[in-house]
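Subject: Structure handover

Hi there,

Here is the structure I promised to pass on.

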There are 2 protein chains.
Amino acid sequence: MPSNADPLGQSVWTRPPRSRGAQPALSRTQIVRTAIELLDEKGLEGLSMRRLGERLAAGATSAYWYVATKDELLELVLDEVMGEIEVPEVGATDWRAAATALAHGLRSMILRHPWVAGLFGVRPMMGPNAMRMSDRMVGVLTAAGFSGLDVAYASSLLMSHVIGSATMEAAWKRSIAPGMSVGESVEKLRPYIDEVSSRYPHYGAWWRENRAMDPDGLQEEGFAFAVERLLDGLQLWLDRREKAGPA
Amino acid sequence: MPSNADPLGQSVWTRPPRSRGAQPALSRTQIVRTAIELLDEKGLEGLSMRRLGERLAAGATSAYWYVATKDELLELVLDEVMGEIEVPEVGATDWRAAATALAHGLRSMILRHPWVAGLFGVRPMMGPNAMRMSDRMVGVLTAAGFSGLDVAYASSLLMSHVIGSATMEAAWKRSIAPGMSVGESVEKLRPYIDEVSSRYPHYGAWWRENRAMDPDGLQEEGFAFAVERLLDGLQLWLDRREKAGPA
DNA sequence: TCGGCGCTCGTACGGTGTTCGAGGAACCTA
DNA sequence: TAGGTTCCTCGAACACCGTACGAGCGCCGA
């Protein structure tokens, strides 16, 4: 997988999908949907072009008529699941509610398809669904009072946070046995954590005071907390700027 | 690469490194350092066990005596570069300055080794260097007035943001031809962006007003902006809580 | 009826991570 | 000094992977 093949230049989004006449057995959307099925079942490493062909009841390399490369398929897949996120219309609610909904929507999509966490770093998201989301986000932020580069900054702040926390959560999920809860895993790791944290003063002290906590649901709460702080920070900036000079 | 091999249970950090007697030709640290060299030169996809063996002037599979699996090697590599980050001592400065330094330190490490962005999702960071960083962070946040779960929330907020924005930046860097600046790439993409953004009302409007911006250095500024907002949000929360009930 | 085109897919190439086991070199013990 | 044991190296092989290529199929317009 060259993966840096065709940097810039022609991308999936500029080239029209193949197949216009006849009645082909496969289609781009069918391929993408089947790929997502496979990914949901077996994760990122479980998707190979051969397996995809098998599941499509087609030859191992048949998908290559519709898709130039595996990376390109993943790009399409990423945009497809981005389409699952519902973003509130601009003006439907205040900007805080809209941003909160967007953040939680993105997060729950990632929890539904944990493998996407590994896809964000591959290519910038330029597909139609990602664009639709950006569009709404820009609308919401502009209406809130951001302008110029601030819009890009604020929107990138929101996205970055969700993607980052999803990445870290995915790392956790990966390292625990499937079917085991986070709590049970922490329980098994406890001796190691005890041993290690005793060597680090601050961490150790914190751990001793908080070892009784229940780790399940902690990610969720932490995410909600973070979104609130983050929006507070943005709101504060808006307030300060308005007070200083209302343009 | 099973990659889910040995979920939990024994990890690199619990098992002592091999080789105690004799004078072996290789060593864990040498392998890790050479791997980083290779990664810096050719990126994540450029590192294969065979190439690593070659560069070590050793057999293709010799490294497997010191490292159980490629994933494990990557875990060691990740922790090694985490060691490059210098974190201010607790109490050396106020917590805002410390957190800012930590965020920028982590970010510049990632810019130095862009391939790490693809490693954060693999396993939770539990190596000694990552732990040292967490330790400092916990110390700083506790001194600032956070306690209990808030510490974990706030620290995860900081880390998530840096990792998320690094991931997105890596995606961008990957899609542009090597040696080309961001500005030049945007220039080449301009017709496509123009065409696309015209179909999205808010995004299009924003783009028309801001198409003249200089994209180089924008990431840097956006990052600094985000860190400020984020710390503002945390500070505000501390203030509010203190006012409500000073424990 | 006959090209030509859209589409499928078997085969093959050059990689990948990892297992296995034969072998060598250095050490401890007798 | 001899023998045995343990540590370490590495060539060969296995089961995969992404992808190029081109032969061949069936439908369509002429």
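Helices (H or I, at least four residues) and strands (E, at least two) are taken as DSSP runs, numbered from the N terminus. On that basis chain A has nine helices and zero strands, and its pattern along the sequence reads α-α-α-α-α-α-α-α-α.

Before the details, some housekeeping. This is a predicted model, in which local features need pLDDT of at least 70 and side-chain atom pairs count only at pLDDT 80 or more, while totals for chains, interfaces and linings use all residues. Residues are numbered from 1 along each chain as its sequence is written, chains are lettered from A and ligands numbered from 1 in the order in which they are written, and side-chain values use heavy atoms, with hydrogens and water left out.

**Chain A overall**

Along the principal axes, the C-alpha atoms of chain A fill a box of roughly 65 × 60 × 30 Å. Of its 247 residues, 49% are buried (buried means under 20% relative accessible area, exposed over 50%, partly exposed in between, with a 1.4 Å probe and protein chains only). Taking a contact as heavy atoms within 4.5 Å, 73% of the contacts in chain A with a separation of 6 or more are between residues 24 or more positions apart.

**The two domains of chain A**

Chain A is divided into domain 1 (1-82) and domain 2 (83-181 + 216-244); such bounds come from an automatic or database domain assignment. Their contact takes 18 residues from domain 1 of chain A and 23 residues from domain 2 of chain A. The centres of the two domains, taken over C-alpha atoms, are 27 Å apart.

The size of an interface is often given as the accessible area lost when the parts come together. Here buried area is the accessible area (1.4 Å probe) that two parts lose on being put together, summed over both. Between domain 1 and domain 2 of chain A that comes to about 1800 Å², with carbon and sulfur atoms giving 62%. Leu78(A), Val81(A) and Met82(A) supply 40% of the area that domain 1 buries against domain 2, more than any other three residues.

What about charges and polar groups? A salt bridge is a side-chain nitrogen of Lys or Arg within 4 Å of a carboxyl oxygen of Asp or Glu, and the rule finds two across this domain interface. Elsewhere in my notes on chain A is the salt bridge of Glu45(A) with Arg174(A), where the closest N and O atoms are 3.4 Å apart. On the domain 1 side, the elements giving two or more residues are α1 (28-42) and α3 of chain A. Of these, α3(A) gives the most, with nine residues.

Asp79(A) also sits in helix α3 (residues 70-82). Which side chain of opposite charge is nearest to Asp79(A)? It is Arg132(A), 8.0 Å away, and Asp79(A) is buried yet has no salt bridge (Lys and Arg count as positive and Asp and Glu as negative; His and the chain ends are not counted). Not counting residues up to four places away in sequence, Asp79(A) touches Trp13(A), Gly127(A), Pro128(A), Asn129(A) and Ala130(A).

**Chain A against chain B**

Between the chains, 71 residues of chain A are in contact with 70 residues of chain B. About 6400 Å² is buried there, 71% of it from carbon and sulfur atoms. The count of salt bridges between the chains is two, and the side chains of Asp232(B) and Arg240(A) meet in a salt bridge at 2.9 Å, N to O. The rule also finds 13 residue pairs in polar contact across this interface, both at pLDDT 80 or more. On the chain A side, α5 (128-144), α6 (149-175), α7 (182-197), α8 (201-210) and α9 (218-244) each give two or more residues. The largest share, 19 residues, comes from α6(A).

Ser197(B) lies in helix α7 (residues 182-197) of chain B and counts as buried because its relative accessibility is 3%. Ala144(B), in helix α5 (residues 128-144) of chain B, is partly exposed because its value is 22%.

Best wishes

Key: A polar contact is a pair of N or O atoms within 3.5 Å; within protein, one must be able to donate a hydrogen and the other to accept it, and residues adjacent in sequence count only if both atoms are side-chain atoms.
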